[in-house]
Amino acid sequence: MVATSPAVHPHWSSRAAFVLAAVGSAVGLGNLWRFPAEAGANGGGAFVLIYILCVALIGAPLLLAETLIGRHGQRSTVESAMLLARQSKASSAWASLAAIGMVANYFILTFYSVVAGWVLYFIGTSAADVARTLSEGQPFAGAYANLTVEQIRAQMPDLFADPVKMTLTHFIFAAATTFIVARGVKGGIEVAATWLMPAFFVLLVGITIYAGLSGDFAAAVRFLFTPDFERALQPQVVNSALGQAFFSLSLGGGAMVAYGAYASRETNLGQTSGVIAGADTAVAIIAGLAIFPIVFSVGLTPDAGPTLMFQTLPAAFHSMPGGALVALAFFVLALFAALTSSVSLLEIATAYLVERFNMSRAAAASLLGAGFFLIGLASVLSFNVWADHRPLAFLPGFQNAGWFDAFDGLTGRLLLPLSGLITAVFIGWVADRRLVDEETGLQKGPLLPLWRFLVAWLCPVAVFLILLFGLFPQLVS
Ligand code: TRP
């Protein structure tokens, strides 16, 4: 039945549109908020080195594995995996890999939208700040010149204490995401990516030049590129780096399967996957080179973790010339990146409902949009009213996790790597070799056997070990 149903989804208008949409999915809060936070918390250079290895040896090969499942099937993640399994005479239970991915994506979306809501909130405060500096004839003032550093740092805890504000910004972001997905692959997702991604790059380059000119660039370079090998080989650092690679490349969740399904037969997937992985990593490092010079120049420390972007950075912009304008530009850039990622998260389940239950795209997106908004409320409340809830206390490593950390940890540390592991085994061992090899576009040269080796051997083994030690750190210490 699956094999004969007509393709229900359109194609991207061009290879460039596919690359922009996929880079848009990959580049997001993962690069701007999570990467600097993880690098800062895990010792800088050590983490960056392991991260780059994870992307090159595990992330990029899996990216190709995911896009080829989608392109081959031309359908939503579940149906595409099922089709390839059947054609390979394997059990269609392998499609469960896509089901895990679909659920993981939906969970990610619930808290991703909450964080994007914080970005919206800071666009609000920094826009009000710019309006004030302009009206006072001081366009190049530092950010929040009328507040003390303590008051600036208090903005984030104040926001966390206020479920109404957080719900409102989460709602606005969820509605925008739903709207874009409801408009369709070409009219919505592709249009958003082709406008927002170039604007994002221009802003990023501008802010990085600004950071290079007025921040402590040398300290940032030292911090990001001097690995401390003793530290780099700690299991938590490796586990965090792999988790970050999965998250940042939108892997393990099926987003790349979904986008691959809209790629035409002419697109060379091997090459394109390399471009996507390279662009995403470049953006993460450039974001580090934009953020850390600013943080170091005012004597702040890089290890603030998730609050780096919302607490440390605004405090740093406070004492920088032109900080008010740059702060606004930075949060707008973060919003653009977040939107092109959230639409990919929502697209997966939307495509599935459209295909499977013949729903209209608008109806499917709205239903799912309302759902993730509501589930996201648990994350909103976990910062205030439900601060003492511990939903996953029965799982090792989750004893102290509230709803927000539970969704983040469950997806990042467990579901994404698990789904990546199954994908690697499926593509490396189970799926029909001829069908798979044809899709890669790597026929000539040594790349195909190298890729085969990475997918069939390195990915499953490495991901398995990292999952194991990540969940049971006591095994190695
Ligand atoms: N990669 C995005 C980021 O870095 C987040 C994201 C989008 C994602 N789609 C995904 C993460 C699918 C995991 C799975 O912000």
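A nitrogen atom of the ligand lies 3.1 Å from a polar backbone atom of Ser248, a polar contact being a pair of N or O atoms within 3.5 Å. Taken alone, the ligand exposes 360 Å², and the protein buries 100% of that area, with accessible areas computed by the Shrake-Rupley method with a 1.4 Å probe. This is a predicted model, in which local features need pLDDT of at least 70 and side-chain atom pairs count only at pLDDT 80 or more, while totals for chains, interfaces and linings use all residues. Residues are numbered from 1 along each chain as its sequence is written, and side-chain values use heavy atoms, with hydrogens and water left out.

**Ligand and its shell**

- The backbone of Gly30 also takes part, with one of its polar atoms 2.8 Å from an oxygen atom of the ligand, and a polar side-chain atom of Asn31 lies 3.5 Å from a ligand oxygen atom.
- Around the ligand there are 18 residues, of which Ala26, Gly30, Tyr112, Phe247 and Ser250 come nearest; a residue is counted here if one of its heavy atoms lies within 4 Å of the molecule.
- At least two residues of this shell come from each of helix H1 (15-26), helix H2 (29-41), helix H5 (96-135), helix H11 (235-248) and helix H15 (323-357), where helices are DSSP runs (H or I) of at least four residues, numbered from the N terminus.
- The shell is made up of nine nonpolar, nine polar and no charged residues, with Ala, Val, Leu, Ile, Met, Phe, Trp, Tyr, Cys and Pro counted as nonpolar, Asp, Glu, Lys and Arg as charged, and the others, Gly among them, as polar.

**Cavities**

- The structure holds two cavities of 30 Å³ or more, a cavity being a set of points, on a 1 Å grid over the protein atoms alone, where a 1.4 Å probe fits but cannot get out, with lining residues having an atom within 4 Å of a point.
- The ligand sits in the largest cavity, in the sense that more than half of its atoms lie within 2 Å of the grid points.
- The largest cavity contains about 170 Å³ of space, and among its 19 lining residues Ser25, Ile108, Phe247, Ser250 and Leu345 lie nearest its centre.
- H1, H2, H5, H11 and H15 each give two or more residues to the lining of the largest cavity, which by class has 10 nonpolar, nine polar and no charged residues.
- The second largest cavity holds about 80 Å³ of space, and its lining of 13 residues has Leu97, Ala98, Gly254, Val257 and Thr423 nearest the centre.
- H5 gives the most to the lining of the second largest cavity, with three residues, and this lining has five nonpolar, seven polar and one charged residues.

**Largest pocket**

- The largest pocket has a volume of about 670 Å³, a pocket being an open set of points with protein on both sides within 12 Å along at least five of seven lines.
- Its lining comprises 26 residues, with Arg34, Glu38, Ser240, Asp408 and Arg413 nearest the centre, and H2, H11, helix H17 (403-430) and helix H19 (447-471) each give two or more residues to it.
- By class, the lining of the largest pocket has 10 nonpolar, 11 polar and five charged residues.

Terms used: A polar contact is a pair of N or O atoms within 3.5 Å; within protein, one must be able to donate a hydrogen and the other to accept it, and residues adjacent in sequence count only if both atoms are side-chain atoms. Grid points are joined across faces, edges and corners, and a volume is the space filled by probe spheres set on the points.
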